[in-house]
Amino acid sequence: MNLTDSDFVLFGLPEQFAQDVAALEAKWKALQREAHPDKFAAQGATAQRLAMQWSVRINEAYQRLKDPLKRAAYLCELRGSPINAENNTAMPAAFLMQQIEWREAADDATSDGQIETLLAEVSASKQNLLAQCGRALDEENSSKAIYDKASSLVRNLMFIEKFESELEDRL
Amino acid sequence: MALLQISEPNQAPDPHARRIAIGIDLGTTHSLVASVRSGVAECLPDEQGRVLLPSVVRYVDADKREIGFAAVAAQISDPANTIASVKRLMGRGLADIANAASLPYHLAAKGGMVSIQTAFGEKSPVEVSAEILATLRYRAEDTFDDDIFGAVITVPAYFDDAQRQATKDAASLAGLNVLRLINEPTAAAIAYGLDNAAEGLYAIYDLGGGTFDISILRLNKGVFEVIATGGDSALGGDDYDHAVAEFFKDAVSTFEARKIKEKLTTEDAVQVGDQTITRAQFVEITKPLTDRTLAAVKKALRDAKLKPVDIDGTVMVGGSTRMPHIQAVVGEFFGKPPLTNLNPDEVVALGAAIQANQLAGNKTGTDADDMLLLDVIPLSLGIETMGGLVERIVPRNQTIPTAMAQDFTTYQDGQTALALHVVQGERDLVVDCRSLARFELRGIPPMAAGAAKIRVTFTVDADGLLSVSAVEQNSGVEARINVKPSYGLTDEQIATMLKDSFGTAAQDMAARALAEARLEADRMVIAVQSALGSDRDLLDAKEQTQIDELVAACTASKSLEDAKAIETVTAELAKATEAFAAARMNAGIARALAGKNIENI
């Protein structure tokens with residue numbers, strides 16, 4: 001076991017998008033039981049430092065694995081199609097159109113009810129795209145082209161998720 | 001199958017190795033110390049049998065200080081030198097103190113921090129808090145007639161980095177080995193959860209004298225997982241007192257106002273002179289305060305993605321939750337009566353004591369031995385970017401310890417330094433957040449603009465405290481970081497204060513250094529012995545001999561009168577066991593994974 005092992009290796013899980021959330025959480029806690037600095041509080045500075053490194057690493061992996069979008073982005077990176085959000089801002093025209101429509105609807109919304117309706121639509125669209133992305137990543141006969149597509153879906157999803165949280169903040 | 005552990009005669013664990021560990025609740029109005037004795041956590045009383053120590057310090061003159069009840073009595077006669085509710089000033093600048101004008105002290109700004117002019121000179125809130133902590137430390141030492149191995153100090157969950165650091169500094173100043181800072185609601189959850197074998201989702205509503213916290217926890221098989229936390233570090237029972245004083249147009253002191261508030265817990269009305277306040281009026285005038293607590297509760301629930309009905313139980317903590325209308329409002333919000341079957345004043349100190357006992361490595365044979373705390377950072381951490389905007393680096397409610405990295409680059413050719421401003425808070429503008437520190441990264445190799453890639457890593461440890469490191473990625477050069485804490489003390493200032501507190505008596509310093517070196521050697525030996533006890537098989541024969549010899553040398557060094565010599569031997573033992581510690585950690589992780597895999601089959 002090594003600090004530089006992938007999140008999946010660290011958690012002893014198959015390297016795929018589909019994950020059992022309950023099993024993930026149970027494994028996180030089992031690992032923290034072994035590595036948390038509290039378990040080494042009386043064992044000197046070296047043990048504390050090591051425990052801190054491991055505990056941080058386990059939390060980092062858990063944050064990434066439990067969040068479907070972060071998990072998808074991580075898988076894209078592991079498979080050679082990194083997200084590169086800063087340098088890769090090209091968006092499909094249809095996706096941009098929908099973003100504009102949603103933003104206009106959000107600007108026009110005056111009641112909580114209107115925002116909730118819009119939020120439901122945005123969330124449903126997010127789930128749909130996530131499922132597409134997950135299928136692409138877990139496909140048996142995958143290829144670079146399919147991973148690139150998953151990577152592009154992740155970029156779109158990042159916009160949707162940001163918009164979704166902006167809507168939630170207004171409620 | 002677990003192998004039986006047999007230790008060699010000369011390495012038998014010392015039967016007196018049980019270490020005295022204490023939990024301290026450093027409160028705004030009261031402070032307490034607790035410890036686990038015979039497997040049970042209990043608050044330690046003073047000589048008169050009182051467990052609560054009023055958090056009040058009076059500087060009588062250059063030679064005399066009064067702490068606790070003695071100081072409370074002087075609050076009216078000598079207000080300028082009698083410091084109460086100092087917790088509200090911790091980690092704060094003069095400009096942050098909203099009601100500075102109404103406080104009876106002479107406040108001043110000292111290096112960004114607030115300080116108080118007293119008959120004993122200028123005192124920082126850290127020093128005042130250290131007086132309270134030292135008083136509790138002596139109480140514990142007298143109780144056990146022994147040295148204290150270490151302490152867990154509680155802080156409001158909503159304390160920011162500067163406030164936490166100030167608390168830790170105060171503990172160091174009071175001569176305490178800080179095992180951990182833990183959040184007050186989390187400590188309460190430990191005491192409540194272990195006592196009641198609670199499982200499920202719990203909300204801890206903690207309204208103290210000067211702070212309000214709300215924490216949402218999942219309790220499951222001994223794991224205390226904080227899902228979200230929120231609150232207001234300047235909202236507490238004190239504010240309810242002020243509301244009462246205002247109601248009487250300041251004809252009563254806040255001290256008297258508190259008494260009136262307390263009477264209203266059991267009485268429907270209280271008369272002062274020709275004016276009467278009814279409980280209904282009290283509820284009405286304090287409604288804005290109560291509503292502020294509920295707003296924080298709603299926000300924490302939203303962060304946790306939960307609804308009030310999802311919560312299995314609400315635990316009430318802090319003396320201010322004795323107010324009947326607070327219990328009613330909280331009960332109404334969650335749709336079930338809150339849990340009040342514990343002493344709201346003591347529960348935080350008790351939880352801290354249980355945690356301290358575990359951290360010290362003492363076994364009680366109860367569920368407490370196996371508990372695990374997974375707490376979160378209460379406020380987001382970010383850095384200032386162009387235009388006074390905040391770039392968020394560590395989001396709030398992230399499980400700690402945690403580390404997040406961010407890459408920066410230079411904007412000028414040959415630039416060798418970079419200035420960073422670290423802030424804490426949820427707002428988008430730097431001016432609306434709390435300034436924590438300004439960092440200067442120096443020693444960046446000169447390159448073309450934009451070519452350097454400086455990875456800055458923000459690490460938040462298990463105490464919730466931030467540290468920052470930076471490495472230029474292309475050259476591997478580690479940038480030097482000059483920290484200028486916005487409100488905290490520098491290490492030099494603490495060293496000076498420590499020296500001052502011992503006056504010019506050099507032998508005191510030497511005696512203290514010797515005692516600390518011996519304690520540290522002791523800690524190291526016990527740690528290594530315990531590690532050898534469980535994982536001796538990870539070492540080959542040669543390594544075992546080497547470590548055994550160093551353990552013996554370290555044990556023997558404790559009889560020396562030379563602190564430096566003891567430290568040298570202790571450091572050798574620490575260095576020699578580094579690889580062993582790493583191997584044990586790896587074995588533990590592998591065990592955790594293997595255990596899970598077997599369950600899955």
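Quick housekeeping. This is a predicted model, where local features need pLDDT of at least 70 and side-chain atom pairs count only at pLDDT 80 or more, while totals for chains, interfaces and linings use all residues. Residues are numbered from 1 along each chain as its sequence is written, chains are lettered from A and ligands numbered from 1 in the order in which they are written, and side-chain values use heavy atoms, with hydrogens and water left out.

Okay, back to that opening pair. Are Lys123(B) and Glu127(B) buried or exposed? Buried means under 20% relative accessible area, exposed means over 50%, and partly exposed is in between, with a 1.4 Å probe and protein chains only. Lys123(B) has a relative accessible area of 11%, so that one is buried. Glu127(B) comes out at 19%, so it counts as buried too.

Let's zoom out to chain B. You'll find 15 helices and 27 strands in it; these are DSSP runs numbered from the N terminus, H or I of at least four residues for helices and E of at least two for strands. Its radius of gyration is 26 Å, close to the 25 Å that the globule rule gives for 601 residues, so chain B is as compact as a globular protein of that length. That radius is taken over C-alpha atoms, and the rule is 2.2 Å times the number of residues to the power 0.38. Along the principal axes, the C-alpha atoms fill a box of roughly 85 × 65 × 65 Å. Of the 601 residues, 52% count as buried. And if you take contacts (heavy atoms within 4.5 Å) in chain B between residues at least 6 apart in sequence, 65% of them join residues at least 24 apart.

Now a few spots in chain B. Where does Thr290(B) sit? Look in helix 8, residues 287-303. With 4% relative accessibility, Thr290(B) counts as buried. Its side chain makes a polar contact with the side chain of Tyr240(B), at 2.9 Å. By polar contact I mean a pair of N or O atoms within 3.5 Å; within protein, one must be able to donate a hydrogen and the other to accept it, and residues adjacent in sequence count only if both atoms are side-chain atoms. Setting aside residues up to four places away in sequence, Thr290(B) touches Tyr240(B), His325(B), Ile326(B) and Val329(B).

Gln275(B) is in strand 17, residues 275-278, and at 29% relative accessibility it counts as partly exposed. Beyond its neighbours within four places in sequence, Gln275(B) is in contact with Phe247(B), Phe248(B) and Val270(B).

Asp345(B) and Arg322(B) make one of them, at 2.9 Å, N to O. That pair links distant parts of the chain, 23 residues apart: Asp345(B) is in the loop between helix 9 (324-334) and helix 10 (347-359), and Arg322(B) in the loop between strand 18 (313-317) and helix 9. Asp345(B) is buried at 19%, whereas Arg322(B) is partly exposed at 39%. There's also a network, linking Arg88(B), Asp238(B), Asp239(B), Asp241(B), Arg258(B) and Lys261(B).

Last stop, where the chains meet. The size of an interface is often given as the accessible area lost when the parts come together. Chain A and chain B bury about 3,500 Å² between them, 60% of it on carbon and sulfur atoms; that's accessible area (1.4 Å probe) lost on being put together, summed over both. In chain A, Lys29(A), Arg33(A) and Asp38(A) lose the most, together 17% of what that side buries. The contact takes 41 residues from chain A and 50 from chain B.

How many salt bridges run between the two chains? Four. One of them joins Arg218(B) to Glu25(A), with closest N and O atoms 4.0 Å apart. Glu25(A) also pairs with Lys29(A), at 2.8 Å. Both lie in helix 2 of chain A, four residues apart, about one turn, and both are buried.

Technical notes
Buried area is the accessible area (1.4 Å probe) that two parts lose on being put together, summed over both. A salt bridge is a side-chain nitrogen of Lys or Arg within 4 Å of a carboxyl oxygen of Asp or Glu.
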